[in-house]
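Here's a quick tour of a protein chain, written to be read with the structure open beside it. Take a look at the fold before reading on.

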Amino acid sequence: MMSSTNEEDPFLQVQQDVLAQMEQTRPLFTSYLRIRSLTTTQTSPELASARSDLESALESLAEDLADLVESVKAVEDNPALFGLTAHEVQRRKRLVQEIGGEVEDMRDELKKHISSAAPRRGGAGAGGSDLPDPNAFAIADGEPGEGDEDYAAEFEQRQQQTMMREQDEHLDGVFQTVGNLRRMADDMGREMEEQMEMLETTDTLADRVGGRLQTGMDKMKYVIRHNEDRLSSWCIGLLIMVLCILLVLLLIL
């Protein structure tokens with residue numbers, strides 16, 4: 001149902017194009033402001049390129065916005081004739097006013113940078129710019145200030161969403177870092193446990209080897225001690241026999 005409505009209503013088709021162009025123009029505007037804040041001269045090639053890209057995008061937006069304005073003006077007198085409700089017409093008015101206000105803000109930033117160079121363009125003032133007059137986007141709807149308030153609220157909401165998205169990205173980075181640290185701590189803990197097990201095994205083997213060495217030393221001492229006693233006995237016996245033989249020989253001789 002929605003797709004058939006989009007095909008039949010030119011406003012909705014142009015609206016999609018305008019919203020898509022706004023998504024492309026906002027980064028150009030942000031880049032232009034960043035370059036302008038960093039540059040020290042108006043003749044910077046990078047600044048001139050960023051300004052040219054932004055002006056081209058704004059010109060294309062202005063053409064589509066002009067079509068939207070004409071479309072709203074055509075249906076606001078008798079919405080029922082075109083199958084539209086008063087609420088839908090008000091929504092379209094607010095959309096045009098909000099986008100037109102945002103485009104006007106971008107144009108104001110461009111004017112701030114070229115205010116000193118404007119007299120050199122054949123004496124043309126602010127109206128000498130190639131961009132359309134922002135007043136062309138204003139459509140009186142009997143509710144003064146409503147479009148500005150809606151635009152301010154939407155702008156603030158976008159800023160809050162951007163901040164929340166950046167905070168979410170930072171939190172994701174923090175969570176990822178904490179997760180990496182936790183995994184590293186787990187790995188270090190497992191390595192320490194493995195090393196403790198290896199040390200305990202080494203201590204057990206050392207105790208066993210020490211016990212066996214002590215047992216061997218005790219056996220060697222026992223054997224040496226007993227061998228020493230037997231050798232002494234044999235020596236004494238041998239000496240006694242030698243003395244006896246000598247006595248016998250003396251008696252015989």
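What follows goes from the whole chain down to one residue.

## The chain as a whole

This is a predicted model, and its secondary structure is helical: five helices and zero strands. Reading from the N terminus, the elements simply go α-α-α-α-α.

Of the 253 residues in the chain, 24% count as buried. As for contacts with a separation of 6 or more, 78% of them come from residues 24 or more positions apart.

Mean pLDDT for the chain is 75, and 77% of the residues reach 70 or more. Among the elements, helix α1 (residues 2-8) has the lowest mean, 47, while α2 has the highest, 85.

Two stretches call for some caution. Over residues 1-6 pLDDT stays under 50, and the model gives them four contacts beyond four places in sequence. Residues 114-131 also stay under 50, with 13 such contacts beyond four places in sequence.

## Helix α2

The buried residues of α2 are Phe11, Leu12, Gln15, Val18, Gln21, Met22, Thr25, Phe29, Tyr32 and Ile35.

## Zooming in on Thr25

Thr25 sits in helix α2. Buried or exposed? Its relative accessibility is 1%, so Thr25 counts as buried.

A polar atom of the Thr25 side chain lies 2.7 Å from the backbone oxygen of Gln21. Gln21 is itself on the list of buried residues in α2. Leaving out residues up to four places away in sequence, Thr25 touches Leu54, Ala57, Leu58, Leu61 and Met106.

## The annotated stretch

The unreviewed UniProt entry annotates residues 51-78 as a "coiled-coil region". In the model, that stretch is 93% helix and 0% strand, and its end C-alpha atoms are 41 Å apart.

Terms used
Residues numbered from 1 in each chain as written. Predicted model: local features only at pLDDT ≥ 70, side-chain atom pairs only at ≥ 80, totals over all residues. Heavy atoms only, no water. Buried < 20%, exposed > 50% of the residue type's maximum accessible area, 1.4 Å probe, protein only. Helix = DSSP H or I, 4+ residues; strand = E, 2+ residues; numbered from the N terminus. UniProt positions renumbered as here; feature names shortened; annotations may be inferred. Contact = heavy atoms within 4.5 Å. pLDDT = per-residue confidence, 0-100. Polar contact = N/O pair within 3.5 Å; in protein donor to acceptor, adjacent residues only side chain to side chain.
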